[in-house]
Amino acid sequence: MGKVKYRYNPKTCKYEPWYLRGKALQDQAAIFIGLSLLLGGLFYFGYSRNFDSLEEQLLKKKNITLKVEWQILEDRIQAAFAELNTLVERDDKNYRVILDSSPLAPEIREGGVGGSEKFSTEGLKDFPTVISDYAILEKLKSKVDVEVQSYKELNSIFTERIQMWASRPAIQPINNKQLERLHMSYGARFHPIYHRFMEHKGLDFAAANGTPVYATGDGKVIMSHYSSSYGNVIYLDHGHDYETRYAHLSRFAVKEGDIVKRGHVIGYVGNTGTSVSDHLHYEVLFKGQHVNPINFFQRDLNNKEYERLIEAGSTDAKVLD
């Protein structure tokens with residue numbers, strides 16, 4: 001209940017309750033409403049100038065979160081560039097050197113960014129950071145695509161090199177333990193049967209009759225027959241321009257068309273053809289020209305390593321037969 005006001009009445013000489021009426025009441029009400037509106041307006045103006053709306057506060061919070069996430073994204077982009085540069089370094093200075101392959105040309109690695117997936121940045125003029133980071137990502141994508149193709153090429157080169165290394169004649173055709181003597185008589189020599197100097201295009205491995213003769217590299221038997229000069233002879237095509245020949249055998253362990261692995265037994269030492277004692281005549285050809293077989297021996301192999309290689313070849317032979 002509101003406070004009651006009193007006014008002195010001279011007629012009655014008493015204080016009597018007084019109530020605001022008529023125009024005075026209207027004026028006071030108008031003043032009160034006016035002051036209320038003024039104070040409300042001032043409060044709203046002050047609040048709007050110094051405080052954000054709830055919606056604006058939520059947007060600002062979201063904006064801060066997006067900036068943090070964007071910074072994390074930029075850091076990851078830089079980390080990806082660092083990892084990619086490490087791969088490029090290994091590609092050019094390690095893997096390609098080992099595989100005897102030339103590094104990719106700089107113009108290939110720094111090729112321009114392009115492609116159908118590129119989108120228009122017309123609507124992002126007011127966001128230079130977004131445009132800049134998009135350009136960086138496009139460059140990263142381009143370099144990654146180049147490096148992916150480079151590693152595919154390296155894998156193809158590596159596969160080819162593995163096949164070449166496996167096919168290249170690289171061991172002695174006779175085990176050292178069973179070898180009696182190696183005649184280093186490559187080139188012109190006095191023939192023991194024809195009694196004149198003749199070209200000798202291989203090396204002679206003296207060993208007991210029936211000693212196993214091993215393929216010196218992976219290959220295919222392209223000839224297995226009897227020759228008046230070579231006696232029982234085997235020709236192996238190793239691919240990559242290499243060929244080997246094994247002559248004066250007592251008998252064959254393979255036939256034409258067989259695929260053999262290095263260390264596979266292909267025949268046995270004998271004394272057939274123009275031969276005066278049990279031995280293996282061994283030849284190596286590269287691009288159709290005879291070369292000295294001594295240059296193709298892995299002389300760093302000890303007896304145990306050689307025997308393990310032979311055992312591995314024998315295992316492969318069982319599978320191929």
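Biologist: What should I know about the model before we start?

Modeller: This is a predicted model, in which local features need pLDDT of at least 70, side-chain atom pairs count only at pLDDT 80 or more, and totals for chains, interfaces and linings use all residues. Residues are numbered from 1 along each chain as its sequence is written, and side-chain values use heavy atoms, with hydrogens and water left out.

Biologist: How many helices and strands are there in the protein?

Modeller: The protein has 5 helices and 14 strands. Both are DSSP runs numbered from the N terminus: helices are H or I with at least four residues, and strands are E with at least two.

Biologist: And what share of the residues is buried?

Modeller: Of the 321 residues, 31% are buried. Buried means under 20% relative accessible area, exposed means over 50%, and partly exposed lies in between, using a 1.4 Å probe and protein chains only.

Biologist: What does the accessible surface come to?

Modeller: The accessible surface is about 21300 Å², and 56% of that belongs to carbon and sulfur atoms. Accessible areas come from the Shrake-Rupley method with a 1.4 Å probe; for residues, only the protein chains shown count as cover.

Biologist: Which residues touch the most other members of the largest nonpolar core?

Modeller: They are I266 and L280, in a core of 23 residues. Two or more residues each come from β6 (203-206), β9 (231-239), β10, β12 and β13. A nonpolar core is a set of buried Ala, Val, Leu, Ile, Met, Phe, Trp, Tyr and Cys residues joined through side-chain atoms within 4.5 Å.

Biologist: What is L280 in contact with?

Modeller: Leaving aside neighbours within four places in sequence, the contacts of L280 include P173, I174, L203, F205, V213, Y246 and V269. Contact means heavy atoms within 4.5 Å. There is also a second, separate core of 5 residues, including I77, L84, V88 and L140.

Biologist: Which residues make the nonpolar surface patch?

Modeller: I31, L35, L38, L39 and L42 make a patch of about 520 Å². Patches consist of residues with over 30% relative accessible area and no salt bridge; like charges are joined within 9 Å, and nonpolar side chains (Val, Leu, Ile, Met, Phe, Trp, Tyr) within 5 Å. L39 belongs to helix α1 (residues 22-50).

Biologist: Why does L39 count as exposed?

Modeller: L39 counts as exposed because its relative accessibility is 57%.

Biologist: Changing topic, how many salt bridges does a search of the whole structure find?

Modeller: The search finds 8 salt bridges. A salt bridge is a side-chain nitrogen of Lys or Arg within 4 Å of a carboxyl oxygen of Asp or Glu. One of them joins K261 and D218 at 3.6 Å, N to O. That pair links distant parts of the chain, 43 residues apart: K261 is in the loop between β11 (259-260) and β12 (265-269), and D218 is in the loop between β7 (212-214) and β8 (219-227).

Biologist: Is K255 buried or exposed, and what about D258?

Modeller: K255 counts as exposed because its relative accessibility is 54%, whereas D258 is buried at 18%. Their side chains meet in a salt bridge of 3.3 Å, N to O.

Biologist: Which residue forms a salt bridge with R245?

Modeller: E283 does, with the closest N and O atoms 3.8 Å apart. E283 lies in strand β13 (residues 279-286) and R245 in strand β10 (residues 242-252), 38 residues apart. Both residues are buried. The R245 side chain also has a polar contact of 2.9 Å with that of E243. A polar contact is a pair of N or O atoms within 3.5 Å; within protein, one must be able to donate a hydrogen and the other to accept it, and residues adjacent in sequence count only if both atoms are side-chain atoms.

Biologist: Where does K143 lie?

Modeller: K143 is in helix α4 (residues 128-167), and counts as buried at 15% relative accessibility. K143 and E110 are 33 residues apart in sequence and 7.2 Å apart in space, C-alpha to C-alpha.

Biologist: And Y268, buried or exposed?

Modeller: Y268 is buried, with a relative accessible area of 18%, and is found in strand β12. Among the residues in contact with Y268, leaving aside neighbours within four places in sequence, are G210, P212, V213 and L249.
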